[in-house]
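Here are my notes for when you open the model on your screen. Take them one at a time, and keep the 3D view beside you as you read.

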Amino acid sequence: MSSKLAVVTVTYSPGEHLEHFLDTLADATVENPQVILADNGSTDGAPEAAEAAHDHVRLLRTGGNIGYGGAINRAVAEIDPDIEFVVVVNPDVRWSPGAIDELLAAAARWPRAGALGPMVREPDGSMYPSARRVPDLISGAGHAVLGSVWPSNPWTQRYLQENETIIERPAGWLSGSCLLLRRVAFDSIDGFDSRYFMYMEDVDLGDRLGKAGWLNVFVPSAEVTHAKGHAAGRHPELMLPAHHQSAYRFQADRHPAWWQAPLRWALRGGLALRSKLAVAAAVRERREDERKQNERREIEIEGKA
């Protein structure tokens, strides 16, 4: 096992994504890292199969669905403290060759980098905006409330930084779908805030790293492809409200003064309304997809009859 690097991912019935993750990981680094699967209650057998098939994979059961950040913290606590770097990554990521080695090389160039993140691509090859500015109350609220209905609004544009030059650079925060974390930096801020069950835990982590004097560095020479939300997509009625609750918590934590209460109330109300609309739209889309699948199956059955 590598004395320099470990890899941690959180599993929740990851299906075939996990084997693709492990297969491509072999080409992502010349290191031979231990991989810890922090399992939050999988029922599909994929984590058990991965542990049985790979000597370097260890399954760690968290005891239930304790959320993403909580599961990562639990797994990192199991890693030898002498290991310098920990890769925190979603199990539906596929690695490009040399991706982790590119991140490690950048870490040597940026000794104050507490977190380094690759370019994240969508399955269709398009670039996901994975290096962003930390949202303040106004831009965060504008993006959260208007981002899905008016994507070109100025707050969303400023927050996503999609027009930034694609170069290696510091950012406010990096996508938690794939991060190389310097262990000493991660430990110095006590890891992820486990109050964030899902979503915004990466924004919070990047913000706290920055406030502690560390850098969040975007490294576009390293690339991964992210399937995006294999677990969240199955349960939008649970995951979308969690997203909006996390967005509120992030801003409320940073604006606790009594005189800021009206802003917090307005943000809570706006996010609650947006959450209901988003859930309704996601449920309609899922039902439509199910209807189309049923129609295709019926056509196939009729064709065979």
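Predicted model: local features only at pLDDT ≥ 70, side-chain atom pairs only at ≥ 80, totals over all residues.

1. The protein chain has 10 helices and 12 strands. Of its 305 residues, 48% count as buried.

2. Now the contacts across the chain. Take the pairs in contact that sit at least 6 apart in sequence: 79% of them join residues at least 24 apart.

3. Have a look at helix α3, which covers residues 68–76. Seven of its nine residues are buried, so the rest of the structure largely encloses this helix. The buried ones are Tyr68, Gly69, Gly70, Ala71, Ile72, Ala75 and Val76.

4. What do the buried residues of α3 pack against? Four strands are on the list: β1 (5–11), β2 (34–39), β3 (57–61) and β4 (85–89). Two helices are there too, α7 (183–188) and α8.

5. Next comes helix α4, residues 99–109, where Ala99, Ile100, Leu103, Leu104, Ala106 and Ala107 are buried. If you look down the axis of α4, these buried residues fall within an arc of 160°, so they line one face of the helix. Here's the background: an α-helix has 3.6 residues a turn, so residues three or four places apart point the same way.

6. Helix α8 (residues 201–211) is mostly covered, with eight of its 11 residues buried. Which ones are they? Glu201, Asp202, Val203, Asp204, Leu205, Gly206, Asp207 and Leu209 make up the buried set of α8. Just after this helix, check Gly213, which takes a positive phi of about 95°.

7. Last, zoom in on Asp193, in the loop between α7 and α8. Is Asp193 buried or exposed? Its relative accessibility is 17%, and the cut-off for buried is under 20%, so Asp193 counts as buried. Its side chain makes a polar contact with the side chain of Arg195, at 2.8 Å. Setting aside neighbours within four places in sequence, Asp193 is also in contact with Asp204 and Arg208.

Notes
Residues numbered from 1 in each chain as written. Heavy atoms only, no water. Buried < 20%, exposed > 50% of the residue type's maximum accessible area, 1.4 Å probe, protein only. Arc of directions from axis to C-beta. Contact = heavy atoms within 4.5 Å. Polar contact = N/O pair within 3.5 Å; in protein donor to acceptor, adjacent residues only side chain to side chain.
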